Amino acid sequence: MIMRRSFTPDFINLQAFECAARHENFSRAAEELHLTQSAISRQIADFERQTGLKLFERVRQRVVLSEAGARLLPEVRQLLVQAERLMIEAVATGKMASSLRVATLPTFGAKWLVPRLGRFLAEHPDVALSIESRSHSFSFAEENFDLAIHFGQPTWANAISTFLCHETVLPVASPSLASKTLEACMQDAIASTPLLHLTTRPKLWSDWSQHHRVAISHAFHGLRFDQFSMLISAAVTGLGMALLPTYLIEEELQSGALVAVCNLTMRTENGYYIVRPENKRTQVTAQAFEAWILGEVARPREAPAPQAIGRTTTDFP
């Protein structure tokens, strides 16, 4: 589709509009943009002619957004932010051999991916790498990512999915809470211990109890969090017992901030996948990153996670 030039906004006019709206004053906008007040007035008048909208109302000694201007302002600000980011990224990657923009789930990125990135950068020092968090699927056509880390099923429109790893959850708690629960038999301990939940997986404790035939009457009760990062923090501070993916708590298990309450793990039905847009399937840098991350998954861990303290799985009926 060919865009009509009459509908293409002038970014100088957009900038004048946003600045005047923020200050509610043309003179202050002129000072910030190093222009004259008449120049600001002309630019806003041009924008009003192009849109056919009256963007400001005069109230005493200041100008305030009209209803139409208030509706337009958030979109204008978004365009200006995107334009600025585009220029910054162009400058940042200009001297590098290649660039790579990766989307990842927030906690997976912070707890697993970022601690390992140094090895990729050591092998590819000429790559301008950008890592951004995304909690849900998105359109590669609308967001210019080269690669994404996805949890769920290998289904993504106009993209190629490569299996990365399964997810195994483990019941963990802070050392102080775990020691209290282990004073009783494990069955009673779990029944009397507060449980922590992820809002997007409300049945996880119930599934775990059925999988291991452990009766939990309060499998749906307890504090709920919408991010694994908050769930991990809640478990570390002793707010309750949590079922957490082992690869997200490697550091906590190694340091002893969390301990396995028992060795009853469970593999969830979904997995992690590397997803790449079909129109970038031959991109060399994305291929290199995919190969590297697959190698990291296969890489032996430097030390095993601490064993569950106290009783073992034989304590369960």
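This is a predicted model: local features need pLDDT of at least 70, side-chain atom pairs count only at pLDDT 80 or more; totals for chains, interfaces and linings use all residues.
**Ground rules.** Local features need pLDDT of at least 70, side-chain atom pairs count only at pLDDT 80 or more, and totals for chains, interfaces and linings use all residues. Residues are numbered from 1 along each chain as its sequence is written, and side-chain values use heavy atoms, with hydrogens and water left out.

**Entry 1: the chain as a whole.** I began with secondary structure. The chain has eleven helices and eleven strands. Both are DSSP runs numbered from the N terminus: helices are H or I with at least four residues, strands are E with at least two. Next I looked up burial. Of the 317 residues, 42% count as buried. Buried means under 20% relative accessible area, exposed means over 50%, and partly exposed lies in between (1.4 Å probe, protein chains only). I then checked contacts, meaning heavy atoms within 4.5 Å. Among those between residues at least 6 apart in sequence, 76% join residues at least 24 apart.

**Entry 2: aromatic pairs.** I searched the whole structure and got 17 aromatic pairs. Rings of Phe, Tyr and Trp (its six-membered ring) pair if their centres lie within 6.5 Å; planes under 30 degrees apart count as stacked, over 60 as edge-to-face and the rest as tilted. One of the pairs is F163 with Y273, edge-to-face, at 5.6 Å centre to centre and 75° between the planes. This pair links distant parts of the chain, 110 residues apart: F163 is in strand β6 (residues 159-173) and Y273 in strand β11 (residues 266-277). F163 is partly exposed at 38% relative accessible area. Y273 is buried at 12%.

I then took Y247 and Y272. Their ring centres are 5.3 Å apart and their planes stand at 90°, so this pair is edge-to-face. Y247 sits in the loop between β9 (242-245) and α10 (250-255), and Y272 in strand β11, 25 residues apart. Y247 is buried, with 9% relative accessibility. Y272 is buried too, with 3%. Both tyrosines belong to a cluster linked by ring pairs, together with F108, W112 and F151.

**Entry 3: charges over rings.** I looked for NZ of Lys or CZ of Arg within 6 Å of a ring centre and within 35 degrees of the ring normal. The charged end of R58 sits over the F26 ring, 5.6 Å from its centre. R101 has its charged end over the ring of F145, 4.0 Å from the centre.

**Entry 4: partners of β6.** Two strands pair if DSSP finds at least two bridges between them. I followed β6 through its partners. With β11, β6 pairs in the antiparallel sense over nine bridges. There, T162 has I274 as its bridge partner in β11. Four bridges join β6 to β9, also antiparallel. P171 has L243 as its partner in β9. Strand β10 (residues 259-260) is joined to β6 by two bridges and runs antiparallel to β6. V172 stands opposite A260 in β10.

**Entry 5: positive phi.** N158 is not a glycine, yet has a positive phi of about 55°. N158 lies in the loop between β5 (147-152) and β6. At 60% relative accessible area, N158 is exposed. R213, not a glycine either, also has a positive phi of about 55°. Its loop runs between α8 (204-212) and β8 (223-225). R213 is exposed, with a relative accessible area of 72%.
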